[in-house]
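Reader: I have a structure to study and would like to work through some parts of it. Shall we begin?

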Amino acid sequence: MNNITYDSLLNEVEKCNKNEITKLDFEKWCNENIKVLTYIPIKYKYKIIKFIKEDFLKKYLNVDETFVKKDYDNIELQYEIYTRLTILFYYIDISIPSTYINDEMYDTIYNSYFLEYVMSKCSKDYENFIAQCDKTINLSFLIGVDLISDLLSNNNHDFAESVKMLEDLDKDKLDILKSINMYNNPTLSKLTK
């Protein structure tokens with residue numbers, strides 16, 4: 001296989017999206033220039049999921065502003081974009097630069113014949129991998145853990161300020177905390193209903 005860059009692939013994807021080349025020409029280019037894995041061994045999936053979890057936490061959750069002020073819907077959308085694009089490119093021998101992991105690139109890739117081409121070779125394994133990743137990472141749990149961590153590490157504030165932070169939480173955020181509490185303390189589940 002040739003040493004093709006992401007930009008070269010993107011150029012071909014965009015030409016196909018604009019009907020400047022046919023799907024058949026694009027498929028021929030892909031066959032000549034990229035390799036698609038049909039299956040990723042489970043031991044590598046575990047490593048990839050661990051990387052995704054740590055990298056996503058670092059990039060999207062562990063930032064300067066307090067978690068209370070963040071938009072949870074946006075975080076869920078960013079999680080979907082990040083995981084789907086990252087995992088998709090583990091199936092091919094081209095790396096996607098982190099600067100390309102954004103909503104615009106997601107739309108470009110997921111609305112292209114390129115996705116159909118890759119899925120024709122690995123869709124079952126890809127879909128199972130996505131499901132395993134979502135189940136293992138459990139975004140709601142991560143959000144709750146990050147929020148609790150922020151509250152517990154809030155050494156510069158007194159208790160009244162921490163209570164104020166809790167009061168600022170909306171129902172969805174409180175439900176996340178409640179589910180974490182129920183998970184960690186099943187005997188208290190009756191009290192938190």
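Reader: What does helix α6 span between its end C-alpha atoms?

Author: This is a predicted model. Helix α6 covers residues 113–137, and a straight helix of 25 residues would span 36 Å at 1.5 Å a residue.

Reader: Which residue caps the N-terminal end of α6?

Author: Look for a side-chain oxygen close to a backbone nitrogen at that end. The backbone nitrogen of F114 has such an oxygen 3.3 Å away. That oxygen belongs to the capping residue, S112.

Reader: How are the rings of F26 and W29 arranged: stacked or edge-to-face?

Author: The structure holds 11 aromatic pairs. In the pair F26 and W29, the ring centres are 6.4 Å apart and the planes meet at 15°. Planes under 30 degrees apart count as stacked. The angle of 15° is therefore the reason that this pair is called stacked.

Reader: Which helix gives the most to the lining of the largest pocket?

Author: The largest pocket has a volume of about 170 Å³ and is lined by 14 residues. Both α3 (42–61) and α4 (72–90) supply at least two residues of this lining. The most, 4 residues, comes from α4.

Definitions and conventions. Residues are numbered from 1 along each chain as its sequence is written. This is a predicted model: local features need pLDDT of at least 70, side-chain atom pairs count only at pLDDT 80 or more; totals for chains, interfaces and linings use all residues. Side-chain values use heavy atoms; hydrogens and water are left out. On a 1 Å grid over the protein atoms alone, a cavity is a set of points where a 1.4 Å probe fits but cannot get out, and a pocket is an open set with protein on both sides within 12 Å along at least five of seven lines; lining residues have an atom within 4 Å of a point. Grid points are joined across faces, edges and corners, and a volume is the space filled by probe spheres set on the points. The expected span of a helix is 1.5 Å times one less than its number of residues. A polar contact is a pair of N or O atoms within 3.5 Å; within protein, one must be able to donate a hydrogen and the other to accept it, and residues adjacent in sequence count only if both atoms are side-chain atoms. Rings of Phe, Tyr and Trp (its six-membered ring) pair if their centres lie within 6.5 Å; planes under 30 degrees apart count as stacked, over 60 as edge-to-face and the rest as tilted.
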